[in-house]
Amino acid sequence: MSVMTWPDHLMTLAEFDELPEDNSRRYELQEGVLQVTPKAAGFHQFVLTRLSAVLDRILPEGWATVSEPEVVIQQTYPPTIRIPDVIVLGLDRVLEKPVRYHAQDVALAVEVLSPGSKRVDNLVKRAEYAEAGIPFYWILDIADHPRLIAQRLVDGVYKEDFNGTGVFMTGEPFDLRIDLDSLATRIVPKRT
């Protein structure tokens, strides 16, 4: 087993790429600072998988979801790489099979809140995603009944389009109707 040595300086993208593969944790860069967090808990994974499935079913042709991809928010030194829970982007970009995506590829970024991510998702990532120009940002809180905050970028700042529970309907960035409660239950029909 190799021992991980932690950098004592701001990392570059090249140095980030040199990190050993480790699927037991989530690694992000925030302005060159390596951020290490535990992998999401089981229910969190369950909900983000359901959200991806729902979006894939209702997205228009030519669009796709990707769960937990690396997204370069800022490429210049010191770089920022985030791992949104779900992104929506053009299928053509997905089929290029890049190692990671760039903020300009992303039409919608979604974060599912975890006990240790509320401040980062609500404040830090919100500001980073807005500055990077990601047009739509959703925050899904699954602590009780699933609550969605759907935001749209307006003049460089996110404005809320929706903040609630139940059924979320929108025409932007696509015509979507999502029963938020169904994200916390089994939504795939059972085989007969």
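The side chain of Arg26 gets to within reach of the backbone oxygen of Ile83, at 3.2 Å. This is a predicted model, in which local features need pLDDT of at least 70 and side-chain atom pairs count only at pLDDT 80 or more, while totals for chains, interfaces and linings use all residues. Residues are numbered from 1 along each chain as its sequence is written, and side-chain values use heavy atoms, with hydrogens and water left out.

Arg26 sits in strand E1 (residues 25-30); strands are DSSP runs of at least two residues (E), helices of at least four (H or I), numbered from the N terminus. Its polar partners (a polar contact is a pair of N or O atoms within 3.5 Å; within protein, one must be able to donate a hydrogen and the other to accept it, and residues adjacent in sequence count only if both atoms are side-chain atoms) look like this:

| Arg26 side chain to | Distance |
|---|---|
| Ile83 backbone oxygen | 3.2 Å |
| Asp85 side chain | 3.3 Å |

Is Arg26 buried or exposed? Arg26 is buried, because its relative accessible area is 13% (buried means under 20%, exposed over 50%, partly exposed in between, with a 1.4 Å probe and protein chains only). Leaving aside neighbours within four places in sequence, its contacts (heavy atoms within 4.5 Å) include Gln35, Val36, Glu68 and Asp85.

Now for helix H2. Its buried residues include His44, Val47, Leu51 and Leu55, and the buried residues of H2 pack against strands E3 (63-67), E6 (86-90), E8 (106-112), E9 (136-141) and E13 (176-179).

Leu10, in the segment before helix H1 (13-17), is partly exposed, with a relative accessible area of 35%.
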